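Subject: Structure for you to look at

Hello,

Here is the structure I promised to pass on. Please open it alongside this note, and then read on for what turned up.

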Amino acid sequence: MARSKTSLNWLKEHFNDPFVKMAQKDGYRSRASYKLLEIQERDRLIRPGMSVIDLGAAPGGWSQVTSRLIGGQGTLIASDILEMDSIPDVTFIQGDFTEDAVLAQILEAVGNKEVDLVISDMAPNMSGLASVDMPRSMFLCELALDLATRVLKPGGDFLIKIFQGEGFDEYHKSVRKQFEKVSMRKPTSSRDRSREQYLLGRGFRGRGE
């Protein structure tokens with residue numbers, strides 16, 4: 001099948017992208033690594049020995065960064081609907097996060113321990129129709145927040161990709177109820193035309209409040 005002009009333009013942009021070239025040079029699996037690295041530089045989210053859950057992990061850019069930062073004493077559980085090549089010391093769960101069975105596998109992997117940090121770079125397959133894409137995106141965000149409130153230790157942190165649009169304000173309020181401080185981040189490595197941002201919740205208030 002012949003590629004459309006739009007897809008050819010995307011390929012040209014992708015391969016001319018300085019962050020794509022940098023990822024190839026630095027050995028990262030995707031340009032998304034630099035988004036997390038930039039947030040890490042500013043907010044110092046990830047520390048050696050932490051326990052972390054990475055949602056929407058494939059192809060593994062964020063897991064690569066996180067596993068290096070937490071070191072051999074840390075714990076990283078990654079999940080995605082797509083396959084992901086293994087990373088040393090990373091427990092990977094493949095499946096659709098919207099399904100209860102996949103959530104159960106993640107909770108089983110966590111066990112009785114509490115988690116320091118939940119990160120999510122999840123996004124639905126975009127149709128280009130805001131009326132379709134925003135509800136799908138917000139649904140994933142809601143599920144990620146629900147997981148975070150189940151597994152985070154008091155004082156834990158939450159970082160998630162989110163798009164501005166219908167449902168954003170209500171979601172922002174929900175996160176503010178659960179965390180002491182909520183900030184928005186737009187890494188320079190995020191494409192200018194992309195509406196994606198990252199919402200950062202710090203200081204989980206705990207399940208008893």
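Of the contacts in the chain between residues at least 6 apart in sequence, 63% join residues at least 24 apart. Please keep in mind that this is a predicted model. The chain has 209 residues, and 49% of them are buried. Its accessible surface is about 11300 Å², with 49% of that belonging to carbon and sulfur atoms.

As for the layout, you will find seven helices and seven strands. Starting at the N terminus, the order of elements is α-α-α-β-α-β-β-α-β-α-β-α-β-β.

Now to the aromatic rings. How many aromatic pairs are there? The count comes to three, taking rings whose centres lie within 6.5 Å.

Take Trp62 and Tyr198 to begin with. Their ring centres are 5.6 Å apart and the planes sit at 40°, so this pair counts as tilted. Trp62 belongs to helix H4 (residues 61-70) and Tyr198 to strand E7 (residues 196-204), so the pair ties together parts that are 136 residues apart in sequence. Are these two residues buried or exposed? Trp62 is buried, at 2% relative accessible area, and Tyr198 is buried too, at 0%.

Another pair is made by Phe179 and Phe204, and this one is also tilted, with 5.5 Å centre to centre and 50° between the planes. Phe179 is in strand E6 (residues 179-185) and Phe204 is in strand E7, so here the parts tied together are 25 residues apart in sequence. Phe179 counts as buried at 0% relative accessibility, and Phe204 counts as buried at 3%. If you display Phe158 as well, you can see the cluster that ring pairs form from Phe158, Phe179 and Phe204.

Just after H4 comes Gly71, which takes a positive phi of about 75°.

Happy to go through any of this with you on screen.

Best wishes

How values were computed:
Residues numbered from 1 in each chain as written. Predicted model: local features only at pLDDT ≥ 70, side-chain atom pairs only at ≥ 80, totals over all residues. Heavy atoms only, no water. Phe/Tyr/Trp six-rings, centres within 6.5 Å; stacked < 30°, edge-to-face > 60°. Helix = DSSP H or I, 4+ residues; strand = E, 2+ residues; numbered from the N terminus. Buried < 20%, exposed > 50% of the residue type's maximum accessible area, 1.4 Å probe, protein only. Contact = heavy atoms within 4.5 Å. Areas by Shrake-Rupley, 256 points an atom, 1.4 Å probe, with all protein chains shown as cover.
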